[in-house]
Amino acid sequence: MDEREAIDRCLHGDRDAFAVLVGQYQSQMLALCLRMTGSREDAADVAQQAFIQAYRHLDRYDPHQPFRPWLYKIATNECIAFLRRTKKQQAVPAADDVLENVSDPADGAPSIVDLAEDRERVRTAVAQLPLSYRQVVVAYYFQELSYQEIARQAGVPVGTVGTLLHRAKQQLRKLLAETEVGTG
Amino acid sequence: MRHLQPEQMQRFLADELDLMEREAVTDHLSHCEACAELLVQMTADDDTLTLALGIDAEEAAWIASLDLTQPVMAGIRPWYREPAFLAIVVPLIAFASFMLAQVGRLLSLTPDDGGPIGFTVDALRALIPALWRVNIYLGQGGLLRTLWPVLLLAAAYWFWRSRMTSKEDKTNA
């Protein structure tokens, strides 16, 4: 049974057909939730909840659009709702704060490459990013979505995606620099 | 010379500039060493982030070890199997059955004296003669008098479920 057929069957009341979609997408959903939540335990719970939400709102899915981005959007929203609910998020700093505290590599400040000693450190820093920044970082570097797709997923204008991405990298540099000072 | 904005370079790296902007940036980069150097650094940063955020072998093994099918399928049970629904409806049915049985009992005990109560009893007897007879008949059994509405509802539910299941089977076929 392929994806389209499984969706059709679900829409006609065959709940068991949804298992096919879960089997097909669970790895990608778990990976996305893992990157968004930064915790395996939370990722499993949120991915499961995202699938349940997807099933309940399947009638709102436009069959002319690809299924995966629709599912990813639900998963991302679930992650954000979970992180807000559990308060596992940082407040978004004002743009000026970011610019004051961290300068660009163009101004001689160390780059992410200089500060990132290992993957784990980068991941920890990403997990500490405010939600709006984390969402675009994960969407761009992990999901490898285009600005247009990220804008659609995050519900922001396309022009804002570049700004969010740039500020997120500035914030990442700041977080990585702080951990370097902490460990150094 | 005015340098490129980092946001503009980020969009350049993401291939999100239109043709004219792209040509302008490419032209600037060809004669601005500082911006060209910054672009190399930003590319390296992007590569670092892409690599760091990718799924490693350990995480891949963890993901492969999980099967969400069972918990998800348990989570999408139909509304009539939701614990909250059952918690409300089952006691309601029990209460309604009890009340129905009490009405039946009242009907069987009330004398036909021609007064207001007697009139109501007569009206009910006329309206639901079959129900009345069933209640009187089952009332001989004591416990059955309380339970028969429940059994009736259960039979109706079973009939409805079997209809739904056969409809689903036809759809699947």
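**View 1. A:Glu144 is exposed, with 10 other C-beta atoms within 10 Å.** This is a predicted model, in which local features need pLDDT of at least 70 and side-chain atom pairs count only at pLDDT 80 or more, while totals for chains, interfaces and linings use all residues. Residues are numbered from 1 along each chain as its sequence is written, and chains are lettered from A and ligands numbered from 1 in the order in which they are written. A:Glu144 sits in the loop between helix 8 (131-142) and helix 9 (147-154) of chain A. Helices (H or I, at least four residues) and strands (E, at least two) are DSSP runs, numbered from the N terminus. Phi of A:Glu144 is near 55°, a positive value in a residue other than glycine. Most residues other than glycine have a negative phi.

**View 2. B:Asp15 also has a positive phi, near 60°.** This residue is found in the loop between helix 1 and helix 2 (19-31) of chain B. B:Asp15 is exposed, with 9 other C-beta atoms within 10 Å. Of its 13 residues, the number buried is zero, so helix 2 of chain B lies largely in the open. From first C-alpha to last, helix 2 of chain B reaches 19 Å, close to the 18 Å expected at 1.5 Å a residue. The expected span is 1.5 Å times one less than the number of residues.

**View 3. The largest nonpolar core has 58 residues.** Such a core is a set of buried Ala, Val, Leu, Ile, Met, Phe, Trp, Tyr and Cys residues joined through C-beta atoms within 7 Å. A:Met29, A:Cys33, A:Ala47, A:Ala75 and A:Val136 have the most contacts inside this core. Helix 2 (residues 18-37) of chain A gives the most to it, with eleven residues. Leaving aside residues up to four places away in sequence, A:Cys33 touches A:Ala43, A:Val46, A:Ala47, A:Ala75 and A:Cys79. A contact means C-beta atoms, placed from the backbone, within 7 Å. Another core lies apart from this one, with five residues, among them B:Met9, B:Cys35, B:Leu38 and B:Met42.

**View 4. Helix 4 (residues 67-85) of chain A reaches 27 Å over 19 residues.** That span is close to the 27 Å expected at 1.5 Å a residue. Buried residues of helix 4 of chain A include A:Leu71, A:Tyr72, A:Ala75, A:Glu78, A:Cys79 and A:Phe82. Their cover includes helix 2, helix 3 (40-56), helix 8 and helix 9 of chain A. Just after helix 4 of chain A, A:Lys87 takes a positive phi of about 60°.

**View 5. In the interface, 33 residues of chain B are in contact with 42 residues of chain A.** On the side of chain B that touches chain A, helix 1 (6-13), helix 3 (33-53), helix 4 (57-65), helix 5 (69-75) and helix 9 (143-172) of chain B each give two or more residues. Helix 3 of chain B supplies the largest share, eleven residues. By class, this side of chain B holds 18 nonpolar, eight polar and seven charged residues. Ala, Val, Leu, Ile, Met, Phe, Trp, Tyr, Cys and Pro count as nonpolar, Asp, Glu, Lys and Arg as charged, and the others, Gly among them, as polar.

**View 6. Helix 7 (residues 119-127) of chain A crosses helix 3 of chain B at roughly 90°.** Their axes come within 9 Å. That makes helix 7 of chain A roughly perpendicular to helix 3 of chain B. Angles of 65 to 115 degrees count as roughly perpendicular, under 35 as roughly parallel, over 145 as roughly antiparallel and the rest as oblique. Axes are lines fitted to C-alpha atoms, for helices over the stretch in contact, with angles from 0 to 180 degrees between N-to-C directions. A:Arg119, A:Val122, A:Arg123 and A:Val126 meet B:Thr48, B:Leu49, B:Leu51, B:Ala52 and B:Leu53.

**View 7. Chain A has ten helices and zero strands.** Chain B has nine helices and zero strands. Of the 184 residues of chain A, 41% are buried. In chain B, buried residues make up 13% of 173. Among chain A contacts between residues at least 6 apart in sequence, 65% join residues at least 24 apart. For chain B, the corresponding value is 52%.

How values were computed
A residue is buried if 20 or more other C-beta atoms lie within 10 Å of its own, exposed if 12 or fewer, and partly exposed in between; C-beta atoms are placed from the backbone. Two residues are in contact if their C-beta atoms, placed from the backbone, lie within 7 Å.
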